Amino acid sequence: MRPNDEPEAMLELDSVRVEYGAVKAVQSVSLDVREGEVVALLGPNGAGKTSLISAIMGVVPITSGTVRFLGRDVTLASPEEKVRMGIGISPEGRRIFANLTVAENLRLGASSQPDKAIRERNQHRYLEMFPILKERFHQKAGTLSGGEQQQLAISRCLMAGPKIVMLDEPSLGLAPVIVERIFDLIAELKAARLTILLVEQNANEALAVADRAYLMHSGRLRFEGEASRLRESEDLMSHYMGLAEAQ
Ligand SMILES: Nc1ncnc2c1ncn2[C@@H]1O[C@H](COP(=O)(O)OP(=O)(O)OP(=O)(O)O)[C@@H](O)[C@H]1O
């Protein structure tokens, strides 16, 4: 614990910048996620959300700033090292392997976990939580519906037993009733004390499940605080998220 009794951050970003040539996608972003929290990272198209979590994962290089995980500087660690340390990502667009079965996709997600007993326990746990995947276990992933593919993408990243998961737009492109199911699943993961950084454009649903939120626009943070406070702030929501709805 810190002197002021705040719990230690599990993930801590300090002044992180991401640039693609002349494009300043992320401009000096500092944020933290504490153990057991669901933190929403909201913002309209092009705000820099995917760039930020890709940089945390090490898939995109950080121009400057630091990323700390469980008190350790991991700014320069490779994505593979980060998976081994306990950082998981379910990327935007699902990126499941369409020609492989559900079972094979899940096995790939677990490949960084050396302990067979833990792999089997995780598979059992997530097939119970996502029963549709149990039903479709030997079916090619490409033949699943959008919502089923999203559930597969989330459970695949959980198979490695991460301490924190970053979910990039899990509700993207799904019908409202399926979106509801996905957010119910996120609430179940929260109840199981998983730490989650949730990137979303679906602000109302994300804020309903999140403890805290950050609002990002044009590469910068415009709000950070309690999710309920952001939810009640019509000015901020219409000014920043209204842009998203208009796009
Ligand atoms: N590989 C890249 N090369 C050049 N510019 C990029 C690259 N990836 C993203 N950008 C730019 O960086 C900015 C932030 O994009 P990013 O995808 O991180 O935003 P986002 O908030 O995740 O948006 P969305 O919700 O649409 O996915 C945008 O202006 C985008 O065009």
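The largest nonpolar core in this predicted model has 67 residues, and those with the most contacts inside it are Val39, Ala40, Leu198 and Ala213. A nonpolar core here is a set of buried Ala, Val, Leu, Ile, Met, Phe, Trp, Tyr and Cys residues joined through C-beta atoms within 7 Å. The model is predicted: local features need pLDDT of at least 70, side-chain atom pairs count only at pLDDT 80 or more, and totals for chains, interfaces and linings use all residues. Residues are numbered from 1 along each chain as its sequence is written.

- Leaving out residues up to four places away in sequence, valine 39 touches Val33, Leu197, Leu198, Ala210, Asp211, Arg212, Ala213 and Tyr214 (contact: C-beta atoms, placed from the backbone, within 7 Å).

**Helix 7**
- Helix 7 covers residues 176–191 (helices are DSSP runs of H or I with at least four residues, strands are E runs of at least two, both numbered from the N terminus).
- Its 16 residues should span 22 Å at 1.5 Å a residue, and the end C-alpha atoms are 23 Å apart, which agrees (the expected span is 1.5 Å times one less than the number of residues).
- Ile182, Phe183 and Ile186 of helix 7 are buried (20 or more other C-beta atoms within 10 Å of the residue's own; exposed means 12 or fewer, partly exposed in between, with C-beta atoms placed from the backbone).
- Seen down the axis, the buried residues of helix 7 fall within an arc of 95°, so they line one face (the arc is that of the directions from the helix axis to the C-beta atoms).
- Val177, Asp184, Glu188 and Ala191 are exposed on the other side of helix 7.
- The cover over the buried residues of helix 7 includes helix 6 (146–158), strand 8 (195–200) and helix 8 (203–209).

- An open sheet of 6 strands has the order 6-7-8-3-9-10 with mixed pairing (strands pair if DSSP finds at least two bridges between them).
- Strand 6 (87–90) and strand 10 (220–226) are at the edges with a single partner strand each, so one side of each lacks a neighbour in the sheet.
- Strand 7 (residues 164–168) pairs with strand 8 in the parallel sense over 5 bridges, and isoleucine 164 stands opposite threonine 195 in strand 8.

**Four-stranded sheet**
- A second open sheet has 4 strands in the order 2-1-4-5, paired antiparallel.
- Strand 1 (residues 9–20) and strand 4 (residues 64–69) run antiparallel and are joined by 5 bridges; arginine 17 stands opposite serine 64 in strand 4.

Conventions:
Two residues are in contact if their C-beta atoms, placed from the backbone, lie within 7 Å.
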